[in-house]
Amino acid sequence: MAPYNILVVDDSVFMRKIISDLITENPQYKIIGTAKNGQEAIEQVKLLRPDAVTMDVEMPVMNGLDALQRIMAEQPTPIIMLSSLTEEGASETIKALEWGAVDFIRKPSGSISLDLYKVKQLLHEKLQMAVRTKMRTFQPFQQKPLLSRPIASQVLEKSNVGVHKPPEPKATTAAGSPYFDHLVAIGTSTGGPRALHQVISNIPAGFPAPILIVQHMPPNFTKSLAQRLNDISQIRVVEASEGDVLQAATAYVAPGGWHMIAYKDSNKTYKIRLTKEEPRSGHRPSVDVMFESLLGMSELKRHIVLMTGMGSDGAKGMLSLKRAGVATTIAESEETCVVYGMPRAAVELQAAMHVLPQQDIAARLAQCVLN
């Protein structure tokens, strides 16, 4: 089998050499060309049609983010962001993932760096995924309010009969309320930041349920992800903390490196617990761990979603919840997944009641929760 052709983009001759050498240690990959700025990268992608690209962020003439957007619009190609900014500038990484990059990795710090071996392993793993990714032209996000605020309020008032809610005025299930009858849980991995942008930005203000989110991502990046989602959404989005009280119209992103579990305390208040238990299927946070924590909460109408990602994390947990009688299970359809792994596993286990494209998931959740 012929090797996959890779284009390396970096403004440093030294770094282009290091990255190229790391990649070609695996005979599956061949360096077909290099570029020293974003403008050259755009031209080389058109000329060489590589199977995948590694892209620096900070470069003269045109930076990596601008080049990424142009390439995704004109000739979609799997791109891995490879830069020192992927830690210190986590917000730039989140934007890159939203704009079409399939993944990211921290740039090696030098030829004698102790992390070179780790970087090499990650590069090969992510390239293996990238070259198999089916790319499509990226369209602008379909973002629109699903319900106007007055209509949302009317629907919320109709939904205020709850089994665990103390007798209070009808408007208790409102933004920030710890009393609710529905709960949404979402799991995702590769391609997830863009998928979450699409879904969470279309959840209406006043959504009468908390939303739990597990996105496979290292520490530091989940905080930037939560901040980014909060900026573009009508609901509040936060990185979860130990002991957080679950509230309606709030989404909680599991912090990188921690499992996130929902539980009910002695006062029947729903809270978040973070644990450092062993990774599940190589992941911490794990979608399965989060889903399994919801199994005993039969008093709530639970709505479970699995979106784009490599592997099968979350599929078994979704199946267990379906068998336990949850209200809704949704898997993202192959047509909109960056990697059709986790949703495929759920579909193959017959755990998904609905298989929907990314742009239809928020509307289905709103329909389930608000009606």
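Start by selecting K268: at 55% relative accessibility this residue counts as exposed (over 50% relative accessible area; buried is under 20% and partly exposed lies in between, with a 1.4 Å probe and protein chains only). You will find K268 in the loop between strand 10 (259–264) and strand 11; helices (H or I, at least four residues) and strands (E, at least two) are DSSP runs numbered from the N terminus. Look at the backbone here, as K268 has a positive phi of about 60 degrees although it is not a glycine.

A word on what is on your screen: this is a predicted model, in which local features need pLDDT of at least 70 and side-chain atom pairs count only at pLDDT 80 or more, while totals for chains, interfaces and linings use all residues. Residues are numbered from 1 along each chain as its sequence is written, and side-chain values use heavy atoms, with hydrogens and water left out.

Now go to V61 for another backbone of this kind. Phi of V61 is near 70 degrees, a positive value in a residue other than glycine. V61 sits in the loop between strand 3 (52–55) and helix 3, and is exposed, with a relative accessible area of 72%.

Stay in that loop and select D56, which also lies between strand 3 and helix 3. D56 counts as buried, at 2% relative accessibility. An unreviewed UniProt entry places the feature "modified residue: 4-aspartylphosphate" at D56; UniProt positions are given in the numbering used here, feature names are shortened, and annotations may be inferred rather than shown by experiment.

Next, colour helix 2 (residues 38–48) and helix 3 (residues 64–74). Their axes come within 9 Å and cross at roughly 20 degrees; axes are lines fitted to C-alpha atoms, for helices over the stretch in contact, and angles run from 0 to 180 degrees between N-to-C directions. That makes helix 2 roughly parallel to helix 3 (angles under 35 degrees; over 145 is roughly antiparallel, 65 to 115 roughly perpendicular and the rest oblique). To see the contact, select G38, Q39, A41, I42, V45 and K46 of helix 2 with A67, R70, I71 and E74 of helix 3.

For another helix pair, pick helix 8 (residues 192–200) and helix 13 (residues 358–370), whose axes come within 8 Å and cross at roughly 40 degrees. That makes helix 8 oblique to helix 13. The contact is made by R194, A195, Q198 and V199 of helix 8 and by Q358, Q359, I361, A362 and L365 of helix 13.

Move on to I203, in the loop between helix 8 and strand 7 (211–215). I203 is buried, with a relative accessible area of 0%. Not counting residues up to four places away in sequence, I203 touches I211, Q234, I235, A362 and L365. Draw a distance between the C-alpha atoms of I203 and A363: they are separated by 7.7 Å, although the residues are 160 apart along the chain.

Finish at P285, in the loop between strand 11 (270–275) and helix 10 (287–292). For context, most peptide bonds are trans.

Key
Contact means heavy atoms within 4.5 Å.
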